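Me: I have just opened this model and would like a friendly tour. Could you take me through it step by step?

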Amino acid sequence: MVDEHQIRTFVDTVRPQYEDMLAQMVEVPSISMDPSHARDMRRMADLAADCLRELGADSKIVETDGYPIVSGGWTVGAQHPTLTIYNHMDVQPAQEPEWRQDPFIFRNEDGIYHGRGATDDKGPALSALLAARFAVEQGMPINIRFLWELEEEIGSPHFAAGIKDRAAIPCPDSVLVSDTIWIAKGRPAMPYGLRGLLGARLTLRTGSKDAHSGLTGGAARNPLAELMEVAHACVDAKTGKVKIPGFYDDVIEPTKAEIKSFLKSGFLVNRFKAAYGFKSIRTQDPIEVMRRIWASPTFEVHGLTGGYYGPGVKTVVPSQGELKVSMRLVPNQVPERVFGLLKKHVIKLNPNVKVERDGVLQPFRGLFEGPYVEAVKQAVKEGFGKEPAFVREGGSIGAVVTMQREWKVPILFMGLSLPEHGYHAPNEYFDWGQASGGMRAFARYFSELAKMEKERM
Ligand SMILES: [Zn+2]
């Protein structure tokens, strides 16, 4: 077992190297969403591969039909288990007027690291990388690999095809994803479940052109009103309860232990309301809010188009309308099956409505107990003095679902970002407290896996 003192000494020693590498990475505007940054994406891949090599790891730029994937690490012995750590090297655009500095100039203000990508996800990636260097120096009998994607912020369109290259990206025995946010500072929280998504467009055409209600109203059908009736039949607008028959059949409710774990996350209803600017929400009970945003499925109406939406009232009878909806799905719900239920329900109600799927992400359920979860608990305690709360995320991470489908191995999370870090927001930063705690946590995680391996050997 590695002692705490050794880890702390190592972390202090590598601080200048950590800050130097982070500075270089933040100053490459790797905005995957913006095609005008294609050359920066290439520079980012080169720099990431160089960082791996600089620390003595092997590295390879794996080409895809989009931006590449950087793969690298240390293989100390084929007989030992392999851990792959997932991070991403692309960033969100940074055009918000609230930025107080150039988002792509790295500024180190006494251990506060300013710049786009500092917390999402370059800072956490480097914490894991430097901790791995420590594990290698200690001669731990585990192979630590890194998988750095460059298309995470655009929904990972080429990730599934990219990781099929088994020669460059070997199938690991377990995965650690470091790309998530705690609920509150000082309260480490690691997700073990993600909701999926099913989007749909419901269109209805009742004529070839818009008409005037003075001439046709009363006899003419109104597609917007009919689509609103469909929406009403799909969801109770007040409670949010989905009314599609069979929708909840496959849902597994969180256990008492899971709910207890949610409560340890430091979630506060008022902070949640303030963060999103809500005047009121459907419930004030924190357990109920957490259950609703992390562990329950939803039906959301995003938009209704058609008719007139300029100033004043124009007495038009629209000829067509489109209702844009989506459903967040929880583990064990199958998007394809849910789409079938939706379609059947809508057609029965209104056979003229055309129902089309628009976007699908599978839900993900990871481990809530077992040796890997214990290893995460020990690791986070080492890094941050407290065991993490195991929570779920209301959103989706496409790459996670892809890795689970391709590799079928345990996927755990070790996120280091805080809500105040400006994730996907202006004035993003990361800090040495989270970076160094993260390094200690990763180092301990590696040593826990090494311990498991030594017991097996
Ligand atoms: Zn991210």
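**A first tour of the chain**

Me: What share of the contacts between residues at least 6 apart in sequence join residues at least 24 apart?
Reply: Two residues are in contact if their C-beta atoms, placed from the backbone, lie within 7 Å. Counting those pairs in the protein chain that are at least 6 apart in sequence, the share joining residues at least 24 apart is 80%.

Me: Before we go on, what kind of model is this?
Reply: Residues are numbered from 1 along each chain as its sequence is written. Local features need pLDDT of at least 70, side-chain atom pairs count only at pLDDT 80 or more, and totals for chains, interfaces and linings use all residues, since this is a predicted model.

Me: How many helices and strands are there?
Reply: Both are DSSP runs numbered from the N terminus, with helices (H or I) of at least four residues and strands (E) of at least two. The protein chain has 13 helices and 18 strands.

Me: What is the radius of gyration of the protein chain?
Reply: This value is taken over C-alpha atoms, and the globule rule is 2.2 Å times the number of residues to the power 0.38. For 457 residues, a compact globule would have a value near 23 Å. The protein chain agrees with that, at 24 Å.

Me: Where do the domains lie, and how far apart are their C-alpha centres?
Reply: The bounds come from an automatic or database domain assignment. It gives domain 1 as 4–193 + 364–456 and domain 2 as 196–251 + 297–357. Their C-alpha centres lie apart by 40 Å.

Me: How many residues of each domain are in contact with the other?
Reply: On the side of domain 1 there are five residues, and they are in contact with residues of domain 2 numbering four.

Me: Is Ala 443 buried or exposed?
Reply: A residue is buried if 20 or more other C-beta atoms lie within 10 Å of its own, exposed if 12 or fewer, and partly exposed in between, with C-beta atoms placed from the backbone. Ala 443 lies in helix α13 (residues 432–456). Because Ala 443 has 30 C-beta neighbours inside 10 Å, it counts as buried.

Me: Which residues is Ala 443 in contact with, leaving aside its neighbours within four places in sequence?
Reply: With those neighbours set aside, the partners of Ala 443 are Val 2, Ile 7, Ala 131, Phe 134 and Ala 135.

Me: How many residues of helix α8 are buried?
Reply: Helix α8 (residues 269–276) has eight residues, and it lies largely in the open. That is because the number buried is zero.

Me: Which residues of helix α12 are buried?
Reply: Helix α12 covers residues 398–407. Its buried residues are Gly 398, Ala 399, Val 400, Val 401 and Met 403.

Me: In what order do the three strands of the open sheet come?
Reply: Two strands pair if DSSP finds at least two bridges between them. The pairing in this open sheet is mixed, and β8 (residues 189–194) runs parallel to β16, joined by five bridges. The order is β15-β8-β16.

Me: Which residue of β13 is the bridge partner of Gly 199?
Reply: Strand β9 (residues 196–205) and strand β13 (residues 320–329) run antiparallel and are joined by 10 bridges. In β13, Gly 199 has as its bridge partner Ser 326.
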